[in-house]
Structures are given as C-alpha cells and as structure tokens.
Amino acid sequence: MASLHSNFLGISSPNPYWLASAPPTDKKYNVLRAFEAGWGGVVWKTLGSQVKNVSSRYSAVDFNGGRMMGFNNIELISDRPLDINLKEIAECIKLFPDRAMVVSLMADNDKKSWHELIKKVEDTGAHGLELNFGCPHGMTERGMGAAVGQDPEIACMVVEWVMEAANIPVITKLTPNVHSVVPTGRSVVKAGTNALSLINTIQSVTGVDLDTLVPNPYVAGKSVFGGYCGPAVKPIALKFLTTIAQDELTKTVPVSGIGGVSTWKDAVEFMLLGASNVQVCTAAMKYGFRIIDDLCDGLNNWMDEKGFNTLDDFIGKSVDSITHWEDLDINYHHIAKINQDKCIHCGLCYIACEDTSHQSIKIEKGNPYNTYTIIDEECVGCNLCQLVCPVDDCITMEEHRVAPEYINWIEWQKRGLPLNDH
Amino acid sequence: MAIENNRLTEQQYEENFADIHPPYENITAAKVDANRCLFCYDAPCMKSCPTSIDVPKFIKQISTENIKGSAKTIFSSNIMGAGCSKVCPVEKLCEGACVYNLLEEEPIPIAKLQRYTTEIAMKENWQLFERKPSTGKKVAIVGAGPAGLSCAHALSREGIDCTIYEKENKGGGLMTYGIAAYKVTPQFCEDEVNYILSIGGIDVKYNQELGKDITLAQLRKEYDAVYLGIGVGVARHLDIPGEKLEGVVDAISFIYDIRAKGFSTVPVGDKVAVIGMGMTAIDAATQAKRLGAKEVTMLYRRTQDEMPCTEVELDIAMLDGCKIIWLTAPKEVKGINGKVTELVCSKMKLGEPDTSGRRSPIDTGETFTLDVDMVIKAAGQTPFEDLIEDLKIQNLKGKITIDGNCSTNIQGVFAGGDAVNGGKEVVDAVQAGKDGAKAILDYIF
Ligand SMILES: Cc1cc2nc3c(=O)[nH]c(=O)nc-3n(C[C@H](O)[C@H](O)[C@H](O)COP(=O)(O)OP(=O)(O)OC[C@H]3O[C@@H](n4cnc5c(N)ncnc54)[C@H](O)[C@@H]3O)c2cc1C
Ligand SMILES: Cc1cc2nc3c(=O)[nH]c(=O)nc-3n(C[C@H](O)[C@H](O)[C@H](O)COP(=O)(O)O)c2cc1C
Ligand code: SF4
Ligand code: SF4
C-alpha cells in the first residue's frame, strides 16, 4: 500500500488533503468533525479585523442538471471574535496533534497589526500561517485581500513584515484575479514566503434572476461581484499552478493547490502539475466531510496501480509536458476512428464536425439508425467528435504521423513548408 | 359462476384503475430525465414517431424550462400529443428507438416527458397556434376521431372553415370510446377535444351520421372538399356457433362501458375468455381482471412471435394474472338457458407465412373445452364495408383505398386513419389527418 503521508514545509499530515480556509474551517465544531472524518489538515478561516456579513451570501451555476458546478460567495473573513477563534484553534490542535493546523490571516494594512496577529496565532501552537492575499470582495475595498495580491509591491511589503515576526512556516495564498500570478508569486518568494497556495476565488457574476432581474446572490434588491470556485474553476487553477511550477523562482517553494478539487483525480492532476498537497472547499460544502474517504481511497488505489509509493514519486511529473506552442511537433497527426460496435448512433459527432469543424464524418441514413464513419482524408484530428461522443472509448484518436521526424513551427517556417493545408 | 357487477370496493376500483403511468410530481423530476437526453442529431426517436415529433428538441426545452416552447414543438407535429403521451405503444415507437437501448440502459421516458409538457399546456389553455384569416374555403370532415380532428386543426390553421360531422355525441373517436380506463379518462378526452377545437374555425355537428343523416353528395356539393375519418366499426364477428349467447360481448363496448358507466356498474364474469392478442384484447383482459374476474384466459391462434401487441403490453396482462393460451382458436360457445357456460377451442399449429408475412395458423383437429361464463371478442374490428360500398368508394374489404395524395376514387373526397389502414394507432391517425389536410390544401388552392 502506498503512503499518503504528506510533508508540507515540515508540516505533517496523514494525507495531502487540507480543508481550505472557508466556512468548513471557521470553528472548532466543524474542524473536529473534519478531523474525525479523516481530513489531513485545515487552513483555519481567515482571521483579521472584525467584519459583518450580509444575507444572502452564496449563489451557484448549475449545468445540465448538476448542481453547483460553480459556486460563488460574497462572504468576508471570519466574523467570529478573534479570541474565541484562537482558543478553539488551540483546542483542536490538542485533540488532533497529528493533523495540520494552518491559520489564514488578513491583518489591516500596517506592520503592527500583522505582527500582533501573528504573535497571537503562534501562541495557539498552530503549525503554519497562510496569508490571504486573495479574497476578491469586501476586503479589497478596504485595501486588503486581492488588493494586496494584485500588486506585487504591496504584496512584497506585507510578506516582509510577516517574515520579520513569523517563527512558523508562511504560505502566501495568491489571487487569480490577475492576468498572471507569476509577478506577485515572484515578489513574495523574494520577500521570503516559505510557500505559495493558489487559487483563491475568481471575481464573478453567476447569473441574474429572470423574474426579479437582480443578479445573484440577492441582498435587498442588489448584488455584488462575488468569488467563484468549485469544479468550474479547476482548469483555470491548473493553468495558474503550472505557471508557478514552471517559473525559475517560484518553483523553488512548495505549492498548495486549490480550486475545484472535488475528486481524487482532481487532486492527482494538481499534484502532477506541481502542487505538494491540495486544499478543498466547495466539494466539502456541497457534500460534507465524508468525501474524504474516496479522496484518500481513490488516490491510494491509483498510486498502487502506477507503482508510486509516496506522493513525492509523482508530484510535478507533468509540469514539463506543458510547453510553448512553437515547440509542438507539427508532424504529429491523429485521426478519429469510430468503433462501430460501440456506437449508439446518436449523431452528435456528426453534427459537431459537420456544423462546426471539418465536415469529416460521413453519414449514411438508416431507419432509425444512421451509420457514421470518419473521412480520414478530411479529419484534422481536433478531438471534437471524441469529446462529444457519449460512449466511453467509442471514438479513439489513431496516430498517423505525417512524417517520422519532429518538426516545430519555427523550423517549419524556416524550411518554407506549406501552410493552410486544411 | 355468474356475470356480476359491483364485485369490489370503491377503493379497490380506484387502485385497479389508477393511471398506469403516473406523471412527474414536479419539474425537478421531469428535468432529471430531460437532462439524461443526449439531444441526438437526426434522432432515431423522432424518426420512429409516425408524426415526427422533434423529440430531442421538446425535451431540451423542458430542461431549459421553456415549457411553452416544448408544447409548441409537440403540438406542431401532433395535435393529439397529450393523448398520445398516454396511449402510444412507445416501446415500439420513439422509446423503442432511443439510443440508450443500445447501451442496455433504460430509454428516456419520452411519453412521460411529453405528458408533462402537454398537461401543463392544456391546464393553462395555452393558445399556441394562430388561425390565418379565413380564406372562404370550406371543408367537411366526417368523424371527430384523431384523424378527423387532426385534419380539421391543420386546415383551420390555414384559414379553412371546417365542419365536422360526427355520429356520436362526443368527439375523440376511439380515443374517447375505445381506449382503456387506466390510460385515459373520459374527462381527459373531452378536455383534449376542446383544447384542439379552441383554435376556432371548426364547427362540430354531433349526432350526424354519414349515410343516415347526411349524404356524401350533399357534402360534395356544399364544401370544397370532404375528408373521411370514420375509423372502423365494431369488433369482428367470430362467426362461430353460440355467438349470440348472453355473456358473449364485444371488447370495445365492454371497454367503453368501463369508461363511461363507472367501474362498479360494469358486469364481468367469474371466468372470462378473451379472444385475440392485440392492444384491444390486452385492454379487455386486464380490465376484466381489474373489475374482479377470478380467472381471465386470453386465446390467440398464433404464437408469441406473431402477436400484434407489444411485449410491454403482454407483460401488463401477465402481471395482472391473465392466463395465455397460444395456438388456440374459438370453435363454439356453449351455454345453458341462453347463458355462456363453455368455450370449445381448436388447437392450432403454424403453417406457411400468409400475406402479412406471419405464419398462418392451421387447425389440428384437436379440441379442448374451457369452463367460462363470459367471452370477450377482441379479434380485430370490421370496417364499415356496407357504408363504403354504398358511397361507391373504392375499397379493399371495406378499407378505403387512397392514392399518394390521400384521395379516394371520388374527386374531392379524401380519407385517412383507421378507415384506410384498417385499424392502427392514434398516432397514425393523427399523421393521416395532417397528410389529408396537406393534400386538401393542394387540391383547393
Ligand atoms: C379497444 C381499443 C384500444 C385501443 N388502444 C389504443 C391505444 O392504447 N393506443 C393507440 O394509439 N391506439 C389505440 N387504439 C387504436 C386507436 O383508437 C385508433 O387507431 C384511432 O382512434 C383511429 O382514429 P380514427 O380517427 O381513424 O378513427 P376513430 O377513432 O375510430 O374515429 C372515427 C370517428 O368517426 C365517427 N364515425 C364513424 N362512422 C361515421 C359516420 N358514418 N358518420 C359520422 N361519423 C362517423 C366515429 O364515431 C368516430 O368518432 C385502440 C383501439 C381500440 C378499439
Ligand atoms: C464561502 C467561502 C468563503 C471563503 N472564505 C475564504 C477566506 O476567508 N479566506 C480564504 O483564504 N479563502 C476563502 N475562500 C476561498 C477558498 O479557500 C478556496 O480558495 C476557493 O473556494 C477555491 O477552492 P474550491 O474550488 O475547492 O472551493 C472562501 C470560499 C468560499 C466558498
Ligand atoms: S477529430 Fe475533429 S475533424 Fe476529425 S472527425 Fe472528429 S471532429 Fe471532425
Ligand atoms: S458520437 Fe459516438 S455514439 Fe454518437 S454517433 Fe458518434 S461515434 Fe456513435
């Protein structure tokens, strides 16, 4: 059996799953239930100055009958008194000493506030600090959260203040509300942060109520931009993660991957693209803490199957396979192939290719079932048909190299090879 | 043994005749199924619907909560889409073609989704079609069954003034008079007819029978065209001794009485034999059982491979506890004091294929006798051969012959539905009505 044990900056946890700083981690009651369920660690809900929340707070995007494919919130940092939070943190650590306890912080924008807050948190026995430079709503207006994360210089300054006072590892949580997370990432690494985590939520409007005409979430006839998370943001999180894992400077620190992790497969993908562990919020908010069972079990079985004994055996393994477009091999070509035994004649591949791709699928009318076949000469190998096909492994992409040798775009141009062949 | 009514309690009747396919409770339930639909292109379900309802489209419209659009999609192709959602043998039509069957998965419950939409449309009385301004052209339609109504609606939309002559005092044809009580209620049929007629421009004259109260010559003179949607008549005679004994009944009147008179008033025997294995036979047998008959035996002269009903229907009968004896034909009904006591049956075997392609039954000469007190005849229906002969309309054993343009041999007289095909489903009659309307429009303009 593989070991799921995780070591993040010396912070040890029995598995690489932490609950992200959010409502699931905002009090002792929840955190104890999470630890009992088997979660490896938590990042306590962000502490800082006192705030007041509104109602309602959440909204979501459903898709094709699935609920909460994307989740959105306009909550602020912890709205509970600081001393109660601190007391409960200490109690949780005592009851579950083998779990990771990281505390998320967002102090007012001055050195003194940060130093005082850090001191108080360290006194609880917490194992690490996470700096919330990401919250996209409510706090930004006060010059905090994403307002810090969006400006590499301010971020650098705050991290320097923190590093002066902190005795335990510091993770800086990055906001995705930027065109690239790398500049802030680099600047906080330079300022001494021990690790990075990403992503926090993405600014969004999830929808508009078609009866009231007010966007959601609804607060007395108004709404505000919220923070988007859940399965819908995973691809964006993975992209940002990869840029951090590939940058010469930021790749020197460990990264905690966040954003849409719902299944063990998602977790593996984050880790393959450089995350040392992952944090989960929406999936737990949708289903409760019990999802940890399959998160661990699925990961374990996958590792056994692939022969990985420890997490380090595969963390970062896919980072190098994401390259620049100019480096892609133009001589690589593949062609769709329909397995007629599996095909259920839904015609989705046909209409997708016919209307929107390359008219590469032949239709032979039948009653009631048509037959669909690929016109090899026309297929550009775009994958669209395979993506829309509802039957697993019914359409496969078969490799048909144009020529054996690797040739990239730059070389292609240099040799004056033909363009626009399709 | 006796034929009696009032065999069960009110509650037992209610349970036995409850809707056989209950509807969705709410939109959430409907959307769970709607979202499973793959939205196939050139969809097999649509191609398997005689009226070509754009099934993926109307289902998608349920999932986007565009119920009005969904209703329009259905009714544009099939104005009896509400009734069809309850009575169509979908297992051999749309649902039978659903691609999920090829994955050995349950097909999309198309009929149930169609019922969801159409029930709302009828309840809300959505007026989805606007009648074009009157063209001044007039068409007479004989028969207010599915074929006639469908034809009238399609013509009225185009601004034709339609008059329907119907011999009964209600519209709907066999939908109202023939179909089993656990599929549709009389109230539903009436509502459906009213909903169809609400487009306007269709005047229905009830208790007007062609050949008795009106003549074809009259209609041809007064109207620009005539459409015959008169269906087929009573149950086929068995032509065996004893057919006149008390206790031998016609399936259609039996079924109609259950619908029209109330469950407890319809008498049923202790031991009932049902002759035939079509949809009517199944409906008669299961309903006899549900009325409290102790034993119901269905007789069919061929085997399960040749039976006209679907497997799903057969299952309904078997689950109701009806016995089935294959390769058996009725030979004689015997009685005492004018009342049925026995049915003598011939054992059959299969011979060479007949014109329908099915192997025809041959009498082996062997017989056996069943103790019964009631015999229900459900071996098909007989067309109105005499009437059609009188009208000098070309026909094949009473089935009206039409050309590719739905036209009979008499100029300006069109026909469709059971009267032409000899007895198929409601959905076929609806399509025939549409085809007839199109042909009539071509003819008069
Ligand atoms: C017992 C039974 C069960 C059935 N179950 C189903 C089922 O579950 N599902 C299904 O899809 N189909 C079923 N059918 C078949 C279906 O009812 C018919 O195919 C359909 O009703 C045919 O429509 P139509 O308009 O051609 O004829 P009909 O429905 O027969 O309509 C003909 C109309 O014309 C009228 N008429 C007849 N002669 C004259 C005249 N001389 N003058 C004026 N009016 C006249 C009749 O009164 C009637 O109203 C069943 C049929 C029967 C008998
Ligand atoms: C209701 C809610 C409140 C949140 N509050 C905080 C917070 O206080 N501090 C913080 O750093 N992130 C906060 N987040 C962001 C999450 O920690 C996490 O980064 C984000 O939800 C992406 O992960 P997910 O897709 O698994 O939900 C919050 C998210 C939600 C949904
Ligand atoms: S891979 Fe693209 S081009 Fe080729 S058949 Fe599929 S959809 Fe068409
Ligand atoms: S999408 Fe897949 S199942 Fe559907 S017709 Fe194409 S190959 Fe067949």
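**Exercise 1. Find how many residues surround ligand 1, and which backbone atoms lie by its oxygen atoms.**

Solution. Step 1: count the shell, taking a residue as near when one of its heavy atoms lies within 4 Å of the molecule. Ligand 1 is surrounded by 35 residues, and the closest are B:V87, B:A147, B:E166, B:L174 and B:D418.

Step 1: note what kind of model this is. The model is predicted, so local features need pLDDT of at least 70 and side-chain atom pairs count only at pLDDT 80 or more, while totals for chains, interfaces and linings use all residues; side-chain values use heavy atoms, with hydrogens and water left out. Residues are numbered from 1 along each chain as its sequence is written, and chains are lettered from A and ligands numbered from 1 in the order in which they are written.

Step 2: look for polar contacts, that is, pairs of N or O atoms within 3.5 Å; within protein, one must be able to donate a hydrogen and the other to accept it, and residues adjacent in sequence count only if both atoms are side-chain atoms. A backbone N or O atom of B:L174 is 2.8 Å from an oxygen atom of ligand 1. For B:G229, a backbone N or O atom lies 3.4 Å from an oxygen atom of ligand 1, and for B:E425 the distance from such a backbone atom to an oxygen atom of the ligand is 3.4 Å.

**Exercise 2. State which residues come closest to ligand 2 and which of its atoms meet A:K45, A:N132 and A:G230.**

Solution. Step 1: the shell of ligand 2 holds 23 residues. The closest are A:S21, A:T46, A:K173, A:G260 and A:T282.

Step 1: take the side chains. An N or O atom in the side chain of A:K45 is 2.8 Å from an oxygen atom of ligand 2, and a polar side-chain atom of A:N132 lies 3.0 Å from a nitrogen atom of the ligand.

Step 2: take the backbone. A backbone N or O atom of A:G230 lies 2.9 Å from an oxygen atom of ligand 2.

**Exercise 3. Describe the residues around ligand 3 by class.**

Solution. Step 1: among the 15 residues around ligand 3, A:C353, A:C379, A:C382, A:N383 and A:C385 come nearest.

Step 1: sort the shell, with Ala, Val, Leu, Ile, Met, Phe, Trp, Tyr, Cys and Pro as nonpolar, Asp, Glu, Lys and Arg as charged, and the others, Gly among them, as polar.

**Exercise 4. Describe the interface of chain A and chain B.**

Solution. Step 1: count contacts, meaning heavy atoms within 4.5 Å. There are 19 residues of chain A in contact with 15 residues of chain B.

Step 1: A:I344, A:P368 and A:Y369 supply 36% of the area that chain A buries against chain B, more than any other three residues.

Step 2: look for salt bridges (a side-chain nitrogen of Lys or Arg within 4 Å of a carboxyl oxygen of Asp or Glu). The rule finds one across this interface. The side chains of A:K365 and B:D42 meet in a salt bridge, 2.8 Å from N to O.

**Exercise 5. Trace the pairing of strands β5, β6 and β12 of chain A.**

Solution. Step 1: strands (E, at least two residues) are DSSP runs, as are helices (H or I, at least four), numbered from the N terminus; two strands pair if DSSP finds at least two bridges between them. Strand β5 (residues 58-63) and strand β6 (residues 66-73) of chain A are antiparallel over five bridges.

Step 1: read the partners. A:V61 stands opposite A:G70, and A:S59 has A:N72 as its bridge partner.

Step 2: β5(A) and β6(A) form a hairpin with two residues between them, and A:N64 in the turn has a positive phi of about 50°.

Step 3: β6(A) also pairs with β12(A), in the antiparallel sense over three bridges. There A:F71 has A:C229 as its bridge partner.

Conventions. Buried area = accessible area lost by both parts, 1.4 Å probe.
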